[in-house]
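Hi,

Here is the structure I promised to pass on. Have a look at it first, and then read on for what turned up.

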Amino acid sequence: VQEHTSFHLIQISSFANQSWAQNQGSGWLDELQTHGWESKNGTIIFLYTWSKGNFSNEELKDLELLFRVYFIGLTREIQDYTSELQYEYPFEVQVTVGCELHSRDVAKGFFRVAYQGSDFLSFQNMSWVPSPEGDSRAQNVCYVINQYEDIKETVHSLISDTCPRFILGLLYAGKMDLQKQVKPEAWLSSSPILGSSQLFLVCHVSGFYPKPIWVMWMRGEQEQPGTQQGEVLPNVDGTWYLRVTLDVEAEEAAGLSCQVKHSSLGNQDIILYWGHHLSMNWILLAVIAPLMLSIVFALWFKKRCSYQDIP
C-alpha cells in the first residue's frame with residue numbers, strides 16, 4: 001500500500017410507502033466500482049475476475065448471507081418505526097460502510113448513515129452516535145440500536161478486521177488492472193461568449209487511467225485563477241475524461257497554455273499552447289500548397305511535351 005487505500009460499500013434504501021421498499025448496493029475500491037448487489041436474489045455481483053480478493057467461497061457466502069439478513073431486517077425495522085419516528089413517505093436512507101488502510105497495520109473503519117442526504121448517525125468507538133443534523137430522531141434511533149450488543153460487535157468486526165483483510169486481497173489479486181497506466185490525449189477548443197468580447201477556452205483530456213490527474217490553464221509558469229475544472233467522467237473503456245475551461249478576453253488569449261500532469265506521463269507533461277493548433281494549420285497549408293502546385297505544373301509540362309512530339 002503506497003498511500004491510503006479505502007474499500008467501502010454504498011447502500012441506498014428507498015421507501016415509497018409502508019409496503020414498498022428497494023435496496024441498492026455497490027462496493028468500491030477507492031473510486032473503482034468492484035461489486036454490485038442483486039437485490040432480487042440477494043447475491044453479490046463480482047464485476048472483475050479479481051473482485052473476490054483472496055477470500056474463500058465459504059467466506060463470501062457468509063458475507064452474502066449477512067448482507068441479505070441485514071437488508072431484510074433493516075427494511076422491516078424502518079417500516080415498523082416510521083410512524084413512531086414521524087418519518088414521511090417517500091424517503092431514502094443512505095449508508096456508507098468500510099475502512100481506510102494506511103498501511104498493513106493501520107486501518108480506520110467507518111459506518112455512516114444519512115437520511116434524505118443529510119448526516120444522521122455514525123458508528124464510533126463501539127457505539128452509535130447521532131449526528132448534529134439528526135435532531136431528536138437520530139438520538140432516539142441510536143438509543144434503540146445501542147441496546148443490541150451483538151450488532152455492534154458484528155459491525156466492529158466487519159470494519160476493523162474483515163474490511164482491511166479484504167482490501168489487501170483485492171490489491172494483490174487485481175494488481176495487474178490496478179497498476180495499469182494509460183496516457184491521456186488532449187486537445188483545445190473555443191467558442192465566443194455571446195454579448196461580450198471574451199472567449200470560452202476548453203482543454204479536453206481523455207483516455208487516461210488511473211483517475212487522479214492535474215490539468216490547469218497557464219500563462220508561462222503562472223496558474224490562471226479563473227480555471228474551472230469539470231467532473232472527471234468515465235469513458236466506456238474504463239478510462240476517464242475531463243474538461244477544464246477558462247473565460248478570457250479574446251485579445252489576451254495569446255500566450256495561454258493548457259498543462260496536463262498524470263502518473264502515466266512521468267515527468268513529460270502535456271503542454272498545449274493556445275493558437276499553435278491554428279498556426280499548425282497554416283504550416284500544413286504552406287507545405288501542401290507548393291507541393292500541389294509542383295504536381296500540377298509537372299502534369300501540365302508533361303502534357304505540353306506530348307503535344308509537341310506529335311508530327
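What is the mean pLDDT of the protein chain, and what share of its residues reach 70 or more? The mean is 88, and 86% of the residues reach 70 or more; pLDDT is the predictor's confidence in each residue, from 0 to 100. Over residues 277-287 the pLDDT is below 50, and beyond near neighbours in sequence this stretch has one contact in the model (contact means heavy atoms within 4.5 Å). Where pLDDT is low, the predicted coordinates should not be read in detail.

Some notes on reading it: this is a predicted model, where local features need pLDDT of at least 70 and side-chain atom pairs count only at pLDDT 80 or more, while totals for chains, interfaces and linings use all residues. Residues are numbered from 1 along each chain as its sequence is written, and side-chain values use heavy atoms, leaving out hydrogens and water.

Now for a pair of helices (DSSP runs of H or I, at least four residues, numbered from the N terminus). Helix α1 (residues 57-81) packs with helix α3 (residues 149-173) at an angle of about 140°, their axes being 14 Å apart. Axes here are lines fitted to C-alpha atoms over the stretch in contact, and angles run from 0 to 180 degrees between N-to-C directions. From α1 the contact uses E59, L60, L63 and L66; from α3, T154, L158, T162, R165 and F166.

Helix α1 also holds T75, which is buried, with a relative accessible area of 13% (buried means under 20%, with a 1.4 Å probe and protein chains only). A polar atom of the T75 side chain lies 2.8 Å from the backbone oxygen of F71. Leaving aside neighbours within four places in sequence, T75 is in contact with F15, A21 and N23.

Best wishes

Technical notes
Helix = DSSP H or I, 4+ residues; strand = E, 2+ residues; numbered from the N terminus. Buried < 20%, exposed > 50% of the residue type's maximum accessible area, 1.4 Å probe, protein only. Polar contact = N/O pair within 3.5 Å; in protein donor to acceptor, adjacent residues only side chain to side chain.
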